[in-house]
Amino acid sequence: MKASAFDYVRATSIEDALGLLISHGERAKVLSGGQSLLPAMNMRLLAPELLIDISGLAELCGIVVKASVLSIGALTRHVDLLRSPEIAEYAPLLRDAVAHVAHPAIRNRGTIGGSLAQADPASELPACMLTLGATIIIRGPAGERRIAAREFFLGIYETALGSRDLLVAIELPAAPKGSTPFFHEFARRHGDYAIVGLAAQGVVEDDRFIDLRLGYFAVGDRPLLARVADILVGIAITPAALAEACSALDDELDPLEDQQASSAMRRHLAKVLLTRCTSALLARPDLCTGAFV
Amino acid sequence: MTNPVAISLNVNGERVEAHVLPRLNLADFLRDHLKLTGTHVGCEHGVCGACTVRVNGDIVRSCLVLAIQAHEANIETIEGLSDSGEISDLQAAFRERNALQCGFCTPGMLMTAQDLLKQSPSPDRDAIREHLSGNYCRCTGYQAIVDAIETTARMRVEGRP
């Protein structure tokens with residue numbers, strides 16, 4: 001299908017884009033890479049009257065590391081994240097995750113800001129933001145706001161962004177010393193939206209977790225930083241402890257049912273991922289036994 | 001409201017000036033306005049890969065780019081790659097191995113395969129499959145497509161024609 005008719009304007013600066021958003025509000029949509037917006041418009045799920053194209057704003061591009069904080073411009077494309085030595089060094093989880101975001105032709109245009117603003121519950125990057133403790137930087141009519149990732153994602157395609165706001169950047173603390181990423185998702189084909197996925201990062205000392213963050217996606221209406229991680233920190237992990245954690249995980253999940261998977265299947269796969277993640281991060285193949293391998 | 005807008009771009013080495021409506025996507029512009037019908041339109045929401053073209057050297061879905069966004073860009077379509085001889089060996093390998101049946105996906109497959117071979121001269125079969133993961137062949141001839149790309153990669157590395 002084709003998109004319905006709309007007007008189009010190229011923003012010349014952040015201020016210009018904000019001015020246009022203030023004038024047009026909910027009748028307008030911000031266009032960056034267009035890899036989520038344009039499909040939705042082609043399918044007539046969205047019909048904005050005006051597209052404000054911010055893709056030419058160089059001030060929203062690029063990755064900077066300063067004082068152990070990674071600053072990522074909203075227009076940084078997936079392919080830029082994938083190839084960035086700074087991301088590989090300071091946020092290796094993000095590099096691993098981006099390889100699963102869609103396909104090369106889409107990664108060449110899709111942007112991190114667009115993906116986060118879209119907030120598809122089955123997409124990879126929102127969950128990574130929770131796991132990595134990201135701060136989302138927003139510019140709006142009242143100036144700049146900084147929102148923690150855990151307060152940013154509010155539901156399916158729903159975020160803390162208002163209709164006059166522009167997501168301008170993301171800040172990530174550099175991955176802690178000794179931390180290891182774990183990323184895995186189940187999908188029908190490589191690059192498709194996940195059936196269930198896990199973006200995790202852990203620090204292990206003397207065979208125990210001293211830190212563990214588990215960012216699940218496609219297990220509910222928004223990404224989930226699972227509290228079950230707390231159960232696994234500081235203890236000697238036995239198959240019994242892991243089984244208890246799997247059971248506790250069940251209480252946190254509220255998976256949707258769709259044509260890809262039933263809610264029960266998603267619950268099962270989330271436990272499989274918890275088992276594989278724990279086993280991989282602790283280098284304990286013996287934990288991959290039982291029902292969830 | 002929604003009046004045609006002037007754009008100027010380079011398509012396969014030729015300067016093109018046109019007036020387009022904002023809603024027109026690049027795939028339809030190439031096919032309907034420039035009659036470059038080698039770029040195919042399948043799903044129109046970025047899933048099938050049949051409309052893959054190059055914009056400023058990067059492969060993209062032309063159904064997910066507006067023609068108006070291609071203003072001042074450098075576009076290369078399957079016609080351009082074919083006429084310049086850039087992928088003649090890849091095309092020959094596709095013919096040789098019967099890597100096309102109905103042919104609908106073939107332009108997108110060739111664009112994506114060439115993109116891979118430019119970035120990675122000796123990809124293994126897994127890497128080929130991963131790079132092609134965004135291109136559907138509904139005749140399901142994937143095995144032959146992967147074979148043809150693998151053969152082309154090997155011949156290029158060995159410097160054979």
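**Basis.** I worked from a predicted model, in which local features need pLDDT of at least 70 and side-chain atom pairs count only at pLDDT 80 or more, while totals for chains, interfaces and linings use all residues. Residues are numbered from 1 along each chain as its sequence is written, and chains are lettered from A and ligands numbered from 1 in the order in which they are written.

**Chain A, domains.** I looked up the division of chain A and found domain 1 (7-53), domain 2 (62-173) and domain 3 (182-287); such bounds come from an automatic or database domain assignment. Between domain 1 and domain 2 of chain A, the C-alpha centres are 19 Å apart. Their contact uses 13 residues of domain 1 and 17 residues of domain 2; residues are in contact if their C-beta atoms, placed from the backbone, lie within 7 Å. On the domain 1 side, helix α1 (residues 14-24) of chain A gives the most, five residues. Helices (H or I, at least four residues) and strands (E, at least two) are DSSP runs, numbered from the N terminus.

**Chain B against chain A.** I find 25 residues of chain B in contact with 26 residues of chain A. On the chain B side, β4 (58-61), α4 (106-119) and α5 (125-131) each give two or more residues. The largest share, four residues, is from β4(B).

**Chain B, sheet.** I traced an open sheet of five strands in the order β2-β1-β5-β3-β4 (chain B), with mixed pairing; strands pair if DSSP finds at least two bridges between them. Its edge strands are β2 (14-20) and β4 of chain B. I noted an antiparallel pairing of β3 (residues 52-55) with β5 (residues 74-76) of chain B over two bridges. There, V55(B) has I75(B) as its bridge partner in β5(B). Helix α4(B) lies across β3 and β4 of chain B, at about 45° to β3(B); axes are lines fitted to C-alpha atoms, for helices over the stretch in contact, and angles run from 0 to 180 degrees between N-to-C directions.

**Chain B, helix pair.** I checked α3 (residues 88-96) and α6 (residues 142-157) of chain B, whose axes come within 9 Å and cross at roughly 135°. The two helices are therefore oblique to each other (under 35 degrees is roughly parallel, over 145 roughly antiparallel, 65 to 115 roughly perpendicular, the rest oblique). From α3(B), the contact takes D89(B), L90(B), A93(B) and F94(B). From α6(B), I list A148(B), T151(B), T152(B), M155(B) and R156(B).

Technical notes: Two residues are in contact if their C-beta atoms, placed from the backbone, lie within 7 Å.
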